[in-house]
Amino acid sequence: MLEYLLATDDDDFLGPVRSDRCPDVLQPTGWGAVPVAGDGHYRIAVEGMEIEFAWEMPGLQVTVHGTPDKPMVEELVATIARQVGTELAVQVRVIPL
């Protein structure tokens, strides 16, 4: 299991994304992710993993279950961070936990 926090560059609270926008924002473009039921505010399955999203202070916690390849996971999380930043019009940084 790998965990990350998506936070703003200036440490302001990040988010949340409106629930009706989660499929467009939290499913990484080009990865073939699909929503699945489970814990968290939103959850997807992609590349043999399940990724759980939970809005916490100060941002979005991303928990990756079943991680086959850390570099691939980091690329995937970076894609999601860019999409969140675009949606919320902020700079987002990825903090490994």
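## Exercises around Pro28

Leaving out residues up to four places away in sequence, Pro28 touches Ala33, Ile44, Leu76, Thr79, Ile80 and Gln83. Contact means heavy atoms within 4.5 Å. The model is predicted: local features need pLDDT of at least 70, side-chain atom pairs count only at pLDDT 80 or more, and totals for chains, interfaces and linings use all residues. Residues are numbered from 1 along each chain as its sequence is written, and side-chain values use heavy atoms, with hydrogens and water left out.

**Exercise 1.** Place Pro28 in the chain, then decide: buried or exposed?

*Solution.* Start with the loop: Pro28 sits between α1 (22-26) and β2. Helices (H or I, at least four residues) and strands (E, at least two) are DSSP runs, numbered from the N terminus. Next, take the accessible area: Pro28 has a relative value of 4%, so Pro28 is buried (under 20%; exposed is over 50%, partly exposed in between; 1.4 Å probe, protein chains only). Last, check Gln83: its C-alpha atom is 7.6 Å from that of Pro28, though 55 residues separate them along the chain.

**Exercise 2.** Find the order of the strands in the sheet, and which stand at the edges.

*Solution.* Read the order: β2-β3-β4-β5-β1-β6, an open sheet of six strands with antiparallel pairing. Two strands pair if DSSP finds at least two bridges between them. Now the ends: β2 (34-35) and β6 (92-96) each have a single partner strand, so one side of each lacks a neighbour in the sheet. Then look at β2 itself: two bridges join β2 to β3 (residues 42-46). In β3, Ile44 is the bridge partner of Pro35. Ile44 is also among the residues that Pro28 touches.
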